Amino acid sequence: MSQKVLVFGDIGIDDTVALLYGYFKEEIEIVAVVADYGNISRENAIANINYVRKLLPHTSELERVKFIAGASVPMIGELPTFVTEIHGEYGLGPIIPPLGMKNGITENFHDVVELIEKYQKELIIVNIGRLTSLATMFILYQSLMKTVKAYYIMGGAFWVPGNITAVSEANFHGDPVAAAIVLNYASNVTIIPLNVTQHAIATPQMINYIDQTGKISILKPMLDYYYNFYKKRDPSIQGSPLHDVLTLMAVAHDDLLSYQELPVTIVVSYKGVERGQSIADIRPYKESEAKKHRIAFVLNYQRFYSDFMTVMSGRYF
C-alpha cells in the first residue's frame with residue numbers, strides 16, 4: 001500500500017529529482033505539490049513543474065496530482081535571494097522551459113485544506129524547501145494540522161557545518177520564523193538534516209547509468225550542472241548530494257536512517273552566523289518538557305544506493 005504524500009518544495013534540482021523519484025516509486029503516491037520560493041522564484045518553480053510533468057509517461061496518472069502555488073516571500077519580510085548558480089534559473093540546471101509554462105497553477109490554500117480533510121491520518125507532509133507555506137497552515141489551521149499522520153522535514157545541521165553559514169542550513173536559514181513555528185506546533189516530526197543528506201551522494205557514474213537505462217532524459221543535464229557547482233566548492237566531493245530525495249525516500253524506508261528523539265530549538269534572528277541554527281538538547285541529566293522530534297543522524301548508504309538506482313534506472317540493484 002502506497003503512502004499518500006503532500007510535498008512542499010522550493011523546486012530546485014534536488015527537489016525536481018525527488019519528485020521524479022516519488023513519481024516512479026510504487027510505495028509513494030504524491031497527491032499534491034505546493035511550489036514555493038527558495039532555490040528559485042515561485043513563478044519559475046511553477047514553470048519547472050509544468051515542464052517536467054509534460055515529459056513524464058502515463059500523463060493520466062499525473063492528472064490526479066494537484067499543483068498549488070505557495071509562498072513567494074518569507075515570514076521575516078525580506079526579499080529572498082535565489083541560488084541560480086546552484087540550481088539554474090528554473091531549478092533545472094541548464095534547461096530552460098518553453099514560454100508559457102508559468103501559467104495554470106493557482107495560489108489557493110483551500111486546496112491544501114481540502115486535501116488534508118480528505119486524507120487526514122493517511123497523509124504524510126514532506127517539506128523539502130523553506131517552511132513558510134507549511135508554517136502558514138499552522139497559523140491558520142492549527143487543529144486541522146493535528147490530523148496529519150506525520151511530517152518529514154529536510155532542514156537543519158546538528159554539530160556539522162551548515163551550507164549557508166557555519167552553523168545554519170538553507171531551509172531553516174531562509175525563514176527561521178517559519179521553521180520555529182512548524183517545530184513548535186507540529187507533532188510526529190522527522191527531521192532529515194545535513195548530517196545525513198550530505199552523504200546521500202549520486203556519483204556521475206550512477207547518473208550516467210540511469211541516463212542510459214532510465215525513463216527520463218533530463219536527469220543527467222540537471223545533476224551534471226549541480227555536481228559542477230559542488231565540485232568547484234569542494235574538489236573532494238564524489239557526486240551530487242540528494243538532500244530532498246533522501247527526505248522523500250525516508251517516508252518509504254524506515255530502515256534507511258538511524259534516529260534520535262531530542263528537543264530542538266531554532267535560532268530566530270534576522271542576521272548573524274547563528275540565524276536559523278538548529279540546536280538539539282542532548283543533556284542526559286536534563287528532564288525537559290519540551291517537545292521532542294525524531295532527528296536522523298546516520299545514513300545506510302548501501303540502502304540509499306540500491307533503492308535510488310532501482311527506482312530511477314528501472315533495473316534491480
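Glutamine 120 sits in the loop between α5 (109-119) and β4. Helices here are DSSP runs of H or I with at least four residues, strands are E runs of at least two, and both are numbered from the N terminus. Keep in mind that this is a predicted model: local features need pLDDT of at least 70 and side-chain atom pairs count only at pLDDT 80 or more, while totals for chains, interfaces and linings use all residues. Residues are numbered from 1 along each chain as its sequence is written, and side-chain values use heavy atoms, with hydrogens and water left out.

### Loop residues

Back to glutamine 120: its phi is positive, about 45 degrees, although the residue is not a glycine. Tryptophan 159 also has a positive phi without being a glycine, this one near 60 degrees. You'll find tryptophan 159 in the loop between β5 (150-154) and α8 (170-174). Tyrosine 90, for its part, is in the loop between α4 (84-87) and α5.

How do these residues score for accessibility? Buried means under 20% relative accessible area, exposed means over 50%, and partly exposed is in between (1.4 Å probe, protein chains only).

| Residue | Relative accessible area | Class |
|---|---|---|
| Glutamine 120 | 35% | partly exposed |
| Tryptophan 159 | 54% | exposed |
| Tyrosine 90 | 12% | buried |

So what does tyrosine 90 touch, leaving aside its neighbours within four places in sequence? Counting contact as heavy atoms within 4.5 Å, its partners are Ile11, Ile40, Asn44, Ala47, Asn48, Ile95, Ile96, Pro97 and Lys102. Take Asn48 from that list: its C-alpha is 5.9 Å from that of tyrosine 90, although the two residues are 42 apart along the chain.

Now for β1, residues 3-9. This strand is largely enclosed by the rest of the structure, because 6 of its 7 residues are buried.

Two strands count as paired if DSSP finds at least two bridges between them. β1 pairs in the parallel sense with β2 (residues 28-35), over 7 bridges. In that pairing, phenylalanine 8 has valine 34 of β2 as its bridge partner. To get from β1 to β2, the chain passes through helix α1 (residues 13-24), and this β-α-β crossover is right-handed. In other words, with the strands pointing away from the viewer, the path from the first strand over the helix to the second runs clockwise.

β1 also pairs with β4 (residues 123-127), again in the parallel sense, over 5 bridges. There, lysine 4 stands opposite leucine 123 of β4.
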